[in-house]
Protein chains: 4
Amino acid sequence: MGGTMDVTKQQRRGNTRQRIQDVALDLFAEQGYEKTSLREIAEHLDVTKAALYYHFKTKEEILVSIFDDLTQPILDLIEWGRQQPHTLETKQEIVRRYSATLAGATPLFRFMQENQATVRELRVGETFKERMQGLREIIVDPEADLTDQVRCVSAIFTLHAGMFFLQDIAGDPEAKRKAVLEVATDLVTQAHRGGAEG
Amino acid sequence: MGGTMDVTKQQRRGNTRQRIQDVALDLFAEQGYEKTSLREIAEHLDVTKAALYYHFKTKEEILVSIFDDLTQPILDLIEWGRQQPHTLETKQEIVRRYSATLAGATPLFRFMQENQATVRELRVGETFKERMQGLREIIVDPEADLTDQVRCVSAIFTLHAGMFFLQDIAGDPEAKRKAVLEVATDLVTQAHRGGAEG
Amino acid sequence: MGGTMDVTKQQRRGNTRQRIQDVALDLFAEQGYEKTSLREIAEHLDVTKAALYYHFKTKEEILVSIFDDLTQPILDLIEWGRQQPHTLETKQEIVRRYSATLAGATPLFRFMQENQATVRELRVGETFKERMQGLREIIVDPEADLTDQVRCVSAIFTLHAGMFFLQDIAGDPEAKRKAVLEVATDLVTQAHRGGAEG
Amino acid sequence: MGGTMDVTKQQRRGNTRQRIQDVALDLFAEQGYEKTSLREIAEHLDVTKAALYYHFKTKEEILVSIFDDLTQPILDLIEWGRQQPHTLETKQEIVRRYSATLAGATPLFRFMQENQATVRELRVGETFKERMQGLREIIVDPEADLTDQVRCVSAIFTLHAGMFFLQDIAGDPEAKRKAVLEVATDLVTQAHRGGAEG
DNA sequence: GATGAATGAGGTTTCATTCAT
DNA sequence: AATGAATGAAACCTCATTCAT
């Protein structure tokens, strides 16, 4: 039986785990976590549901593994941020780096944004919240006045929103990304100055 | 059997429809649409699932009815906005009014935000998108440069984010609401000036 | 409330029972008994389900009442047939009369034919079987040889089949009815002769 | 759990699909399609409802699979008939072969006959109609006069009726089958002669 | 003569998961 | 490394029926 395996199947050898993650993320992002069944994932890969269970213990674990792989850069960013001085330049750099991170894992962030209700009850929900908390800590000055704190949070959300909600606005994607980055940078800059002046 | 109905049940008579909507929205907002089963809603109300179907044709229709009832103010706001001159004051007033609208229907907006993936495949998804589109039209100047357009969209998102994502930030809720409003107003103001100066 | 009843509704007064029977028979014949729900019947009549229960005790009783009203002619025919001599003329007359009876209650017979499985578990099933049994008794000579008995049964079935299964054959309906009647008459005639000769 | 599976269950392995078809056909024929629930089928087989869905995508597909398996002979018969000359002998042979086909799939034909209303809305309904249409085409001469056409259709219906409606008539089954076949053969013979003479 | 509100039973279907092979 | 077969739980939904008004 193994001998009659066709070429397509042979090529798959050994990277099924990765392929599951890829397909799963695509489907999760497109349809949501609950609406994506393991049957569907399996069918897209032309394997059986049981095969998924060889590679992952549960449906949730598929998501966890994707999440862990793709959000490592955020962890790194937070780690880096913690060791920097709380200067304006640092904050601007954080915004720049976070923007790049988002761009490198768009489907996952889209998924996290669009499935918050679901994700909240999952392990990744808690983890993601912690990451966001960490991000806030390195970008928001707890001593600043409330308005400036909001500005910093807003900067992060502007970046998030930029990924999806600007899709329906006309314009070249790269131009839009730059515009979004500019607005976000502006927001942290104002926040910083506000604090300095106040 | 009907004769032995207890007082609690009698009082309910005639407002079951409303009560279904209330409980459903609570649960939808808390757990998500998919994770909330009709059984659960029914149990909370101490009626049978079939009773829900007497008042609503499908699960989706429950959501639609809630949505239609609670988003009427946005429709009114868009209508109003269309008839105003495109001045800075108008935009600031739109931000103020939208902020008030959000405050008046927090659970629904929380739900819409946190269940985007699900909602996208539902009728309310399309409708909501249209509403947001309408809102953008009255607040974003298509002639302005991209950065200023992003500022306006960002203002709306700041208001949205303000409802939920600031929950973990310390501070008096009313103070936070004002801070959020201020940042959003700032953003449209800058956008307007930018356009004027550019 | 009664005072504001519109004209259409006023006209309905007093014949609702009949109207239920009419609509029910139409739907039963078209979709089958099981697939036709009381909700559907009620909607067609623009009344509530509960109204049906004012006129009939159960769904089955609606069918029973229709059946009893429309199959009385068969009862009469059997009664008549029992008092006639067992001549060829009698048999031919039975075929002629039965053909007329069928023509006068096509939807019911269509229903009975197409819902035998369902009807078998209903009270009308038993009754219908008895009627058919009675019909057989007056047209089949138990002394005749088996082939001729089959001819007589076949005559009855030819009449039944004539109602529906010839629909897809081209030709004027009245011409078809006559052709069917001729074949059926032929069959009983041959049966009679066979018996006489054998 | 799997290890403690009893002998009876082990023997079943690998032929569950066939067993589902068998039990389903029995129950469909006995009680009708709608009245037969998947729960019932599953219970008869001592498996869960979900097991049925492993083997068939829907309830309807169970029926389709049974139908396709059992009506293949009719397809073959039509195919054969189309290649024969339109002689009397051919028609008589068709009657003989069709009679044999019916005898080999009695429960299915009983089911189709007794559940026409239901079946009409199912995929098999359309298919069955086409088959019957095909059968008519090879046995009915469209040039013949209407009465003779009716005779041929009547022959087919006599065969159908023979399977069920003669059940209540006394007599040895094999003798009855022969009698039915004789009457049907007679009908096509008369039809053929009529055409020849007319 | 009819409605409004509700129920209890049961329907088909889908899902994540298991396990022997 | 993966399959085939199956399960248990639960989902949405529909139906005939009831009864106070």
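Where is B:Asn115 found in chain B? In this predicted model, B:Asn115 sits in the loop between α7 and α8 of chain B.

The neighbours from chain A lead on to the interface between the two chains. In that interface, 39 residues of chain B are in contact with 39 residues of chain A. Together the two chains bury an area of about 3600 Å², and carbon and sulfur atoms give 58% of this area. Polar and charged groups can be followed here too. The rule finds six salt bridges across the interface of chain B and chain A. One of the salt bridges pairs B:Asp186 with A:Arg151, where the closest N and O atoms are 2.5 Å apart. Counting residue pairs in polar contact, with both residues at pLDDT 80 or more, gives 16 between chain B and chain A.

Which elements of chain B each supply at least two residues of the side that touches chain A? They are α2 (16-31), α7 (106-114), α8 (116-120), α10 (146-164) and α11 (173-197). Of the elements of chain B, α10(B) gives the most to this side, with ten residues. Sorted by class, the side of chain B that touches chain A has 16 nonpolar, ten polar and 13 charged residues. The loop that holds B:Asn115 runs between α7 and α8, and both of these helices are among the contributors to the side facing chain A.

The contact between chain C and chain D takes 39 residues from chain C and 39 residues from chain D. The area buried between these chains is about 3600 Å², with 58% given by carbon and sulfur atoms. Across this interface the rule finds six salt bridges. Among them is the one between D:Glu114 and C:Arg120, with the closest N and O atoms 2.1 Å apart. For residue pairs in polar contact, both at pLDDT 80 or more, the interface of chain C and chain D has 17. On the side of chain C that touches chain D, two or more residues come from each of α2 (16-31), α7 (106-114), α8 (116-120), α10 (146-164) and α11 (173-197). Here α10(C) gives the most, with ten residues. The residues of this side divide into 16 nonpolar, ten polar and 13 charged.

Attention now turns to the fold within one chain. Chain A has eleven helices and zero strands. Of its 198 residues, 50% count as buried. Among contacts in chain A between residues at least 6 apart in sequence, 70% join residues at least 24 apart.

How many domains does the assignment give for chain A, and what are their bounds? Domain 1 covers 1-57 and domain 2 covers 63-197. Taken over C-alpha atoms, the centres of the two domains are separated by 31 Å. The contact between them involves ten residues of domain 1 and 13 residues of domain 2. The area buried between the domains is about 960 Å², of which 68% comes from carbon and sulfur atoms. A:Leu25, A:Ala29 and A:Tyr33 supply 55% of the area that domain 1 buries against domain 2, more than any other three residues. Across this interface the rule finds zero salt bridges. Three residue pairs in polar contact, both at pLDDT 80 or more, are counted between the domains. By class, the side of domain 1 that touches domain 2 has six nonpolar, two polar and two charged residues.

Note on methods. Residues are numbered from 1 along each chain as its sequence is written. Chains are lettered from A and ligands numbered from 1 in the order in which they are written. This is a predicted model: local features need pLDDT of at least 70, side-chain atom pairs count only at pLDDT 80 or more; totals for chains, interfaces and linings use all residues. Side-chain values use heavy atoms; hydrogens and water are left out. Contact means heavy atoms within 4.5 Å. Buried area is the accessible area (1.4 Å probe) that two parts lose on being put together, summed over both. A salt bridge is a side-chain nitrogen of Lys or Arg within 4 Å of a carboxyl oxygen of Asp or Glu. A polar contact is a pair of N or O atoms within 3.5 Å; within protein, one must be able to donate a hydrogen and the other to accept it, and residues adjacent in sequence count only if both atoms are side-chain atoms. Helices (H or I, at least four residues) and strands (E, at least two) are DSSP runs, numbered from the N terminus. Ala, Val, Leu, Ile, Met, Phe, Trp, Tyr, Cys and Pro count as nonpolar, Asp, Glu, Lys and Arg as charged, and the others, Gly among them, as polar. Domain bounds come from an automatic or database domain assignment. Buried means under 20% relative accessible area, exposed over 50%, partly exposed in between (1.4 Å probe, protein chains only).
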